[in-house]
Amino acid sequence: MSSRPIDGDMSTGTGIHNRPLVLSCSGISKSFLGVLALRNVFFELHAGEVHALVGENGAGKSTLMKIFSGVDPDYAGTIHIDGQEIRFASVRDAEAAGVAIIHQELNLVPELTVTENIFLGREPLLAGLIVNRRKAAADARVLLNRLGIDLDPETRISTLRVGEQQLVEIAKALSVSARILIMDEPTSALSPAECRRLFTIIRQLASGGVAIIYISHRIEEVMLLADRVTVLRDGCHVITEPIGALTQEKIITAMVGRESLGTTPGSPGSGGRVVLSVRDLSLDVSTRRGWRTVLRGISFDVGEGEILGIGGLLGSGRTEILETIFGSSIGRRSGEIRLDGEAVSIASPRDARRHGLAMVTEDRKAQGLHLLATVRDNIALPSLGNIARFGLRSFASEARVAEREVKELGIRCTGIGQIAGTLSGGNQQKVVIGKWLATQPRVLLLDEPTRGIDVGAKQEIYELIFGLARGGLAIVLVSSELPELLLLADRILVVSEGWPRGVLSRDTASEEVIMKLAAPRTRTDSARAT
Amino acid sequence: MRVLRLLSRTKLYWGLALIFLIGMLSSPVTSKGNNIFLSYGNLLDVLRQVSITGLIATGMTGVILTAGIDLSVGSVMAICSVVCAMLLTMPGWTPSAMMGVPAFALVAMIVAVALAQFTIHNLARSTISNEVAPGKTVLHPKRNLALPAIVGLIAAAAALAFTLPQVESQFGVWGVLLVTPCVGLLFGAINGIIIVAGRLQPFIVTLAMMVTALGIARLTAGQNNAVLPVYTGSNATADFDVLRSLIFGIFPMPGLFFIAAALVYGAVLRFTPFGRYVYAIGGNEEAARLSGINVGRVKIVTYAISGMLAGIAAVLFVAQYRQGKPDAGAGLELDAIAAVVIGGTSLMGGRGGLAGTFCGVLIFGLLSNILQLHNINSNLQLVLKGLIIIGTVLVQERNLGELLSNLRFAAPRSVPKEPAAHHGQPSESFSRQLGGSAHDT
């Protein structure tokens, strides 16, 4: 694959190295609040190449792309474009240098037309004042034709399918005559047919000299499309190889292969009394185009003191499993949930709390905490009704509960009166866990409990989770970090595209097996998985 | 440093004191040399004048704390003033009686059921020990529905027994004081139910209610009744005058209602779980919902309370101006919102409180009073009021140090990200920033 025919004047060589280097960077480092997200990263991009960038969630791909596209001007290291050192201060700078990015979440204005979106902010003007609609439409048509996209430029974005919207994004990126195109997971929402069409267009662009950075989780796609592959892991550069020198297995090993985490597994891994039992859970979500299946046929049991891990890629339905059990997902739900053998109906988080369920959400700032409120108020919130006597709050009891959790979890704060938003990430996470432990739950659902937390605090959270399991709590854990999952979970349920793909025990689970099970399949073979 | 912080935290009270001082120093004097502004009569007038706005602003505070808004309060007060005046003056099944009596019975029933459930629930729970053993969750005791239902029916029957005889003749002061707020409460509750069930913007829903309630007020009053006069002693009972009198000859009745409402609602917000939930919803609704709080119910109750207080304000309006009319509350919602915001409650919700609103209302009232004492042109008064609102809110939202440092660093290239003044005590300014970003996401 690495030896595709190359344009005339550069065809003396066989590899991409003979093409001009458009972008190179070295020594890129970046830290967020003391957590190192990128460490001394090295990356090169040649004209006309499709360079795939792969890595697990949190490996640093998005951070690197934010630096390349000028979103994040605050980093260490140097970037050269066309041999000249450059430092983007804004997205506009990057655009001027010919770098365009297509984000995973589409950034189109749904109520505007294709043309209006393509030229948003750069509308061709008449006499410098009025939008030249005719010229805009004509230019858009030319652009779409060039890409072989069959779309009416006057249609509204909201009426287009996601795949078509993706193509509009590409057209938009190219309208600024981008020479470097960054695509972040462009196929995550596309059907197989749309994927093929997109690949054709990408190849076309590359042969036209555009350099493309292609980020994807789907290794098969990368094998099919890329000229070279760079793997990032934990913010570090692992390998850069031409595709011919790689196999799917090699890429996966490079992505996940790292020494195991320091802690010794302390969980009893008991097959104790079953506390939570879920049967045939399914969830459909209403969209513009009718019902979309999010979960199907999810079943599992969690025993007293057991930690069940749920693994899968972003968007595989991991979080939705927890949300559906907790009654916080919006959509059509079905299935059976039993607690201590008794069937329960949970229609809202309130019901869930009453039945002794607790959920630590993925996004602690948006969903877990009241950042302006004190540690005490945050911890006491879910238990307020139980703490109150005859409708009056008992400030003393609230303080006692909060003090207890602060002590038990080792939350480092100046006191329970400290504002939660001023705590460090790890301590904020402990506050969220503490507010649920204060309700004396039977089952604890944890969604990405160590997201955005530095290594030391992670270790503390791990100890904490083990401790809770030893105390008899049934725990369901969702994590996109495989080492974490392998370390903590007694069993791992792997989901992909909303379907269960298998349950692994401690002995059978490994990062490679999980990655294989978690990889998305084409629609047609979904059925056989169950 | 510490003094500055204290000053900054209590700036609202200093603002109130400042306005008071200005009023005192600039006040015209009588021929005998007495300060008019400081005279007892004048200060009572201020309290009387702010009471109606104050009651509305009290209800509005709860709504705004949940990050909502209630634009309908003016119109709800208008319809309630019509209902109140009609009940006082017209015997028989007038439209007002047909609206008010069932509303009263319904509200009496709901409140009685809620109280009964609350009592049963807490009695059942108080037998369980306070400290629950870990790993064991005590499920809430099953709700006994029969007893609350019976209590509710009794309450409804009592409400009807109380009001039906009055329908035949005319309503007394107790009658209107009970029935009118119930009408307002139902209007407020409808606002809340639509907002929660339809998942709609409070702005739109209450805007629609503002128009609708005004229409209903006009329909209720009838084509020829732009104003429904209430002459105590001739067409209404004389004891209604109690509501415009001074208690024990020293304190105006409307002021008592305002202060009582602010105290009670303030205590509810401070000392009950409900109050905590109001702040929690305003601070982060999603986190509140995921904490197992019945977000919908809390919101509906805040709107219902807002409507109820508008109803009480309407009764005081009728007493004070001796009339009920469909355009009674025009523009009142904006005065109330301004008072709440001056009082430091954030329109984004979750921050502020009734103490601030109380000050805001008084600042507003004293200001009008000072301007009136100086015989300033009423149009100019509006301009000045507008400027004062902006000025106060600016001082409220940006803390003093921040404003000063902005001025000081205006000339150089940029304002430092963290002014040195905040270095030692990050809590206030930092949490403000956090608040902003939390709402952005």
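Tutor: We begin with a term: two residues are in contact if their C-beta atoms, placed from the backbone, lie within 7 Å. This is a predicted model, in which local features need pLDDT of at least 70, side-chain atom pairs count only at pLDDT 80 or more, and totals for chains, interfaces and linings use all residues. Residues are numbered from 1 along each chain as its sequence is written, while chains are lettered from A and ligands numbered from 1 in the order in which they are written.

Student: Which residues does Ile212(A) touch, not counting residues up to four places away in sequence?

Tutor: The count leaves out residues up to four places away in sequence. What remains for Ile212(A) is Val50(A), His51(A), Leu181(A), Met183(A), Ile202(A), Leu205(A) and Ala206(A).

Student: How many helices and strands does chain A have?

Tutor: Helices (H or I, at least four residues) and strands (E, at least two) are DSSP runs, numbered from the N terminus. By that rule chain A has 18 helices and 22 strands.

Student: Which residues of helix α8 of chain A are buried?

Tutor: The helix covers residues 248–256. Its buried residues pack against β3, α7, β11, β12, α17 and α18 of chain A. They are Ile251(A), Ala254(A), Met255(A) and Val256(A).

Student: What radius of gyration does chain A have?

Tutor: The radius is taken over C-alpha atoms, and the globule rule is 2.2 Å times the number of residues to the power 0.38. With 530 residues, a compact globule would come near 24 Å, and chain A agrees with this at 25 Å.

Student: Where in chain B does pLDDT stay under 50 with 15 contacts beyond four places in sequence?

Tutor: pLDDT is the predictor's confidence in each residue, from 0 to 100. Chain B has a mean of 83, and 84% of its residues reach 70 or more. The stretch asked for is residues 129–141.

Conventions
A residue is buried if 20 or more other C-beta atoms lie within 10 Å of its own, exposed if 12 or fewer, and partly exposed in between; C-beta atoms are placed from the backbone.
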